[in-house]
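Please read the numbered points below with the model open beside you. They go from the overall fold to single residues.

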Amino acid sequence: MAVELINPDGLPKPEVYRQMSIATGSRLVFLAGQVARDADGNPVGAGDLAAQVEQSYLNIATALAAAGGSFDDVAKLTVYVVDWSPEKMPLLGEGVGRAAAKLGIDPVKPITLLGVAALGEPDLLVEVEATAVLN
């Protein structure tokens, strides 16, 4: 595996993400922000943050498969959530959990979570960027 995920000593050890990834692969994949759209570009999960998170993660897996990788190769995620508040954390976790179950993956990665006023289209509640390292 090209990506090792760790929580180094001296930093907090969260359960829902890792503080750092160490990549040893030779191919970097920088994936554009993925949103709640199906393969035909149709909206998924109107008004449902969990459903939109799930679709965004599924889209990341689809894109990485096209590059010969998988979600296991993700070194870092950045998640943008419209009008973020801590009360939305359970919905975020629900969407990640559903995607992880469908993909059979451990979704715990280094992650940056950012609250934003809006995204590129008014129906979008979340956008997820990924950086991956492939052997």
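The points that follow take up the basis of the model, its fold, its cores and a few individual residues.

1. This is a predicted model, in which local features need pLDDT of at least 70 and side-chain atom pairs count only at pLDDT 80 or more, while totals for chains, interfaces and linings use all residues. Residues are numbered from 1 along each chain as its sequence is written, and side-chain values use heavy atoms, with hydrogens and water left out.

2. The protein chain holds 2 helices and 6 strands, and from the N terminus on these elements follow the order β-β-β-α-β-α-β-β. Helices (H or I, at least four residues) and strands (E, at least two) are DSSP runs, numbered from the N terminus.

3. The radius of gyration of the protein chain is 14 Å, which agrees with the value near 14 Å for a compact globule because the chain has 135 residues; this radius is taken over C-alpha atoms, and the globule rule is 2.2 Å times the number of residues to the power 0.38. Along its principal axes, the C-alpha trace spans about 40 × 35 × 25 Å.

4. Of the 135 residues of the protein chain, 41% count as buried, where buried means under 20% relative accessible area, exposed over 50%, and partly exposed in between (1.4 Å probe, protein chains only). Among contacts in the protein chain with a separation of 6 or more, 73% are accounted for by residues 24 or more positions apart, a contact being heavy atoms within 4.5 Å.

5. Which residues touch the most other members of the largest nonpolar core? They are Val53, Tyr57, Ile60, Phe71, Leu77, Val126 and Val128, out of 23 residues in that core. Two or more residues each come from β3 (27-34), α1 (49-66), β4 (74-82), α2 (89-103) and β6 (126-134), and the largest share, 6 residues, is from α1. Apart from this core lies another, of 5 residues, among them Val35, Tyr80, Leu119 and Leu124. A nonpolar core is a set of buried Ala, Val, Leu, Ile, Met, Phe, Trp, Tyr and Cys residues joined through side-chain atoms within 4.5 Å.

6. Two residues can be followed through their contacts. Leaving aside neighbours within four places in sequence, Ile60 is in contact with Leu31, Gln34, Phe71, Val74, Leu77, Val128 and Ala130. Ser56 is found in helix α1 and counts as buried because its relative accessibility is 0%; with neighbours within four places in sequence again left aside, Ser56 is in contact with Gln34, Val35, Ala36, Val126 and Val128.

7. Asp83 is not a glycine, yet has a positive phi of about 50°, and its place is in the loop between β4 and α2. Asp83 and Ala117 are 34 residues apart in sequence and 5.7 Å apart in space, C-alpha to C-alpha, and, not counting residues up to four places away in sequence, Asp83 touches Lys88, Val116 and Ala117.

8. Ala118, in the loop between β5 (111-116) and β6, is exposed with a relative accessible area of 53%, and Ala118 and Leu103 are 15 residues apart in sequence and 28 Å apart in space, C-alpha to C-alpha.
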